[in-house]
Amino acid sequence: MSRNKNADLDRVLRAATRVFLDRGFSATSMSDLVAATGMNRAGLYAAFGSKHQLYITALQRYRDDTEPELRAIARRAADRDAEQPENGVLGAIGELLDVVVRQSKEGGFIVRAAVELADDPATMRRVQDAWNDLERDLAAILARAVERGEIAPAADPDRLARTALVFVQGALVTGRADEDDGRLADATAGLVDLLASYSPSATAAPIRSQAADEALLNES
């Protein structure tokens, strides 16, 4: 395949991705795709096979375009030799969530696909792959936070990562549908605060308080 043809198919795929992001799979007609891409029906079918296969290809392209930024944040946070931000490894969770919030305003293709095509194995295989990759990134960040003493050793990075993953999916829905930008921003800050509450200093305070209470009881 020539370079020019590859570039043209790439342009077509990006245009189709935008339509699917805006309208979803069911509400997008072949006429919509023809209008958006500038390629006739015969050309679209020849290049992609079907509307469904074009959707699957667009979903993968969306992942290829959006996930490297998330991977870079996770790799930097998990790297023992990398200089960490002033607010520590947990600050990377905030960075990652900021990216998710921005992406939600741009469409949130993954969660939309999960809601609309939950019964389609080909779609859900790619959705599950995306969720697994993000959960793995979150777990790596949180495990590094435990190593650095930012989170108490008793904390379970995998469980916290799964909690954050589910939050992210809700954030993608909220970010797309809610006109109040402050709601999602506050929720994001709240999740970071929740994770920070697992820090040794945060968990030590209640222990000291309980010990003090027991001392008072013994004196009485």
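This is a predicted model: local features need pLDDT of at least 70, side-chain atom pairs count only at pLDDT 80 or more; totals for chains, interfaces and linings use all residues.
Which helix supplies the largest share of the lining of the largest cavity? It is helix 4, with 5 residues. Residues are numbered from 1 along each chain as its sequence is written, and side-chain values use heavy atoms, with hydrogens and water left out. Helices are DSSP runs (H or I, at least four residues) numbered from the N terminus.

That cavity has a volume of about 180 Å³, and the model holds 2 cavities of 30 Å³ or more. A cavity here is a set of points on a 1 Å grid over the protein atoms alone where a 1.4 Å probe fits but cannot get out, and lining residues have an atom within 4 Å of a point. Of the 16 lining residues, Leu70, Gln103, Ile110, Leu134 and Leu172 come closest to the centre. Two or more residues each come from helix 4, helix 5 (90-105), helix 6 (109-116), helix 7 and helix 8 (157-177). By class, the lining has 10 nonpolar, 4 polar and 2 charged residues; Ala, Val, Leu, Ile, Met, Phe, Trp, Tyr, Cys and Pro count as nonpolar, Asp, Glu, Lys and Arg as charged, and the others as polar.

Helix 4 (residues 51-78) also packs on helix 7 (residues 121-147), at an angle of about 5 degrees and with the axes 10 Å apart. That makes the two helices roughly parallel (angles under 35 degrees). The contact (heavy atoms within 4.5 Å) includes Leu70, Arg71 and Ala74 of helix 4 and Asp133, Leu134 and Asp137 of helix 7. Its residues split into 12 nonpolar, 3 polar and 8 charged.

Phe25 sits in the loop between helix 1 (3-23) and helix 2 (30-37), 30 residues from Tyr55. The structure holds 5 aromatic pairs.

Then there is the largest pocket, with about 150 Å³ of space; a pocket is an open set with protein on both sides within 12 Å along at least five of seven lines. Helix 1 gives the most to its lining, 5 residues, and helix 4 is also among the helices supplying at least two. The lining consists of Leu13, Arg14, Thr17, Arg18, Leu21, Arg61, Tyr62, Asp65, Thr66 and Glu106, that is, 3 nonpolar, 2 polar and 5 charged residues.

Key. Axes are lines fitted to C-alpha atoms, for helices over the stretch in contact, and angles run from 0 to 180 degrees between N-to-C directions. Angles under 35 degrees count as roughly parallel, over 145 as roughly antiparallel, 65 to 115 as roughly perpendicular and the rest as oblique. Grid points are joined across faces, edges and corners, and a volume is the space filled by probe spheres set on the points. Rings of Phe, Tyr and Trp (its six-membered ring) pair if their centres lie within 6.5 Å; planes under 30 degrees apart count as stacked, over 60 as edge-to-face and the rest as tilted.
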